[in-house]
Structures are given as C-alpha cells and as structure tokens.
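Here is a short tour of one protein model. Look at the picture first, then read on.

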Amino acid sequence: MKIDLHIHSIYSSDGTLEIKEILKIARKIGLDAIAITDHNEIKGALKAKKMNIIPVIRGIEISSKEGHILAYGVDCKIPRDLSVEETIDRIRDCSGIAVAAHPYRYWSGLGEENCRKYNFDAIEIFNGRCRRRSNSKARELCNSLHQSYTAGSDAHFSDEIGKAGVIAENAEEDEIIQEILKKRVKVWGEPRNFFETIRYVRRAVSGWIIRGFRRI
C-alpha cells in the first residue's frame with residue numbers, strides 16, 4: 001500500500017488544493033491512502049475522511065514555538081505556539097502520535113537539538129519539499145536515535161501529490177500508525193528539484209513578508 005503522509009489543502013494558510021481535488025488525484029496516481037496535514041487545522045482531514053473516496057489518516061501540522069510537529073490519528077484541533085513538550089502532550093491527549101516534521105528545514109524545522117531532547121513518536125526522514133541533503137541528515141538523525149520514521153510529499157500543489165511517502169501493509173489509519181511505530185514501513189520519494197526549489201523559495205519568502213515576518 002502506497003501512502004503519502006503529508007498533504008496540504010486550502011485549509012492551510014498557504015494551501016491551494018480543494019479536498020476533493022486531492023482525493024481524486026491521489027486515487028488517479030495509485031495512492032492507497034493519504035494523510036491531510038493542514039497547518040494548525042483539522043477541518044480538511046475530517047472532511048476528507050467523511051468523503052470516503054480513499055482511506056484518509058487524520059493529521060495536523062502544528063506550529064510549535066520551536067518548529068513544526070506533525071500529528072497523526074488526532075481527534076481534535078491543537079493550538080499553535082505552544083512549547084514542543086506541551087504540543088507533544090496535547091497530541092497524545094488527542095489520541096495521536098507526534099512526529100518531528102522536516103527537522104532540518106531552515107524556516108520551520110525543529111532542528112537536531114529538539115529532536116534529541118524531546119520524546120517524539122517518529123521523525124519525518126523524507127519530505128518531498130526538502131533537498132536531498134536535508135532528507136539524508138534527517139535519516140541519519142533518526143537512525144542514531146533508533147527512532148520510528150515517516151515520509152510524505154508535503155504537497156501544496158497538485159503536481160507534488162505522491163512525490164514521497166511510505167509503503168505499508170494496511171491502508172487504514174490505526175493500522176498504518178501501528179506499522180509506523182513498529183518500523184514496518186518502507187520509505188520512497190523524490191527530493192525537491194531545481195524548478196520546485198525556485199517555486200518554493202518564492203512562495204516561502206512572499207508568504208513570510210505577507211505574514212509580517214511570522215512563521216506559518
């Protein structure tokens with residue numbers, strides 16, 4: 001089963017994709033399941049799950065004070081701008097698992113120190129919007145911590161869906177999460193290319209300015 005564990009919809013402040021569009025594309029390109037992980041919002045994930053087009057893992061990408069944290073299997077919204085420790089606690093209170101998203105990304109990664117300091121359930125070791133070196137460093141960090149791992153495209157545009165993810169035996173939320181925790185998933189994907197880098201940097205910088213130099 002091929003699963004993209006990191007996709008953004010219009011419910012993210014920088015998202016461009018309607019929920020139904022995401023689900024149709026995912027099914028068309030042969031994904032068996034996806035996770036909707038909007039920035040600080042669970043509405044998109046809940047809407048996608050109700051549509052029942054393909055299996056959906058409920059997710060959020062939460063902006064903690066130190067960087068972004070992915071939550072999977074959550075049943076409630078989690079506030080932004082909390083400490084890393086409090087964000088992890090809130091995720092678990094909402095029945096989810098806490099994953100350190102793209103740890104080496106300059107704009108929003110938690111960095112190595114936080115990944116080592118806090119008790120995450122997993123680390124995102126491959127992100128389709130990260131450069132190859134950043135993904136390699138995330139994998140090395142994960143291996144050094146003997147940690148569980150995830151991967152996803154981090155798609156904000158239609159052509160990014162399915163660029164990265166995991167292969168698991170099951171396509172249902174609870175089973176996928178258990179396979180992640182038990183390190184039974186395999187990672188696949190392509191890193192950010194030159195064209196995607198130009199597009200990413202332009203949007204990141206313009207968004208940063210529009211937000212008044214505040215991170216998502």
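A charge counts as sitting over a ring if NZ of Lys or CZ of Arg is within 6 Å of the ring centre and within 35 degrees of the ring normal. Lys-2 meets this rule: Lys-2 lies over the face of Trp-188, at 4.4 Å from the ring centre. Keep in mind that this is a predicted model.

Next comes the sheet. It is open and built from 9 strands, in the order β7-β6-β5-β4-β3-β2-β1-β8-β9, with mixed pairing. The edges belong to β7 (148-152) and β9 (186-189). Each has a single partner strand, so one side of each is left without a neighbour in the sheet. From one strand to the next, the twist averages 30 degrees.

Now zoom in on one pair of strands. Strands β2 (residues 33-39) and β3 (residues 56-63) run parallel and are joined by 6 bridges. Ile-36 has Arg-58 in β3 as its bridge partner. Helix α2 (residues 43-51) packs on the sheet and touches β2 and β3. The direction of α2 makes about 175 degrees with that of β3. Another helix, α3 (residues 84-93), lies across β3, β4 (68-72) and β5 (97-100). Helix α3 runs at about 10 degrees to β4.

Charged side chains come next. The model has 9 salt bridges. The table lists some of them.

| Pair | Closest N to O distance |
|---|---|
| Arg-80 and Asp-81 | 3.0 Å |
| Arg-92 and Asp-121 | 3.2 Å |

Arg-92 is partly exposed at 32% relative accessibility. Asp-121 is buried, at 17%.

The pair in helix α4 is another case. Arg-116 and Glu-112 are 4 residues apart there, separated by about one helical turn. Arg-116 is partly exposed at 43% relative accessibility, and Glu-112 is partly exposed at 34%. Elsewhere, salt bridges that share partners join Lys-49, Arg-58 and Glu-173 into one network.

Last, the aromatic rings. The count comes to 1 aromatic pair. The rings of Tyr-106 and Trp-107 have centres 5.8 Å apart and planes at 75 degrees, so the pair is edge-to-face. Tyr-106 is exposed, at 75% relative accessibility, whereas Trp-107 is partly exposed, at 25%.

Terms used:
Residues numbered from 1 in each chain as written. Predicted model: local features only at pLDDT ≥ 70, side-chain atom pairs only at ≥ 80, totals over all residues. Heavy atoms only, no water. Phe/Tyr/Trp six-rings, centres within 6.5 Å; stacked < 30°, edge-to-face > 60°. Buried < 20%, exposed > 50% of the residue type's maximum accessible area, 1.4 Å probe, protein only. Pairing = 2+ DSSP bridges. Helix = DSSP H or I, 4+ residues; strand = E, 2+ residues; numbered from the N terminus. Axes fitted to C-alpha atoms, helices over the stretch in contact; angles between N-to-C directions. Contact = heavy atoms within 4.5 Å. Salt bridge = Lys/Arg side-chain N within 4 Å of Asp/Glu carboxyl O.
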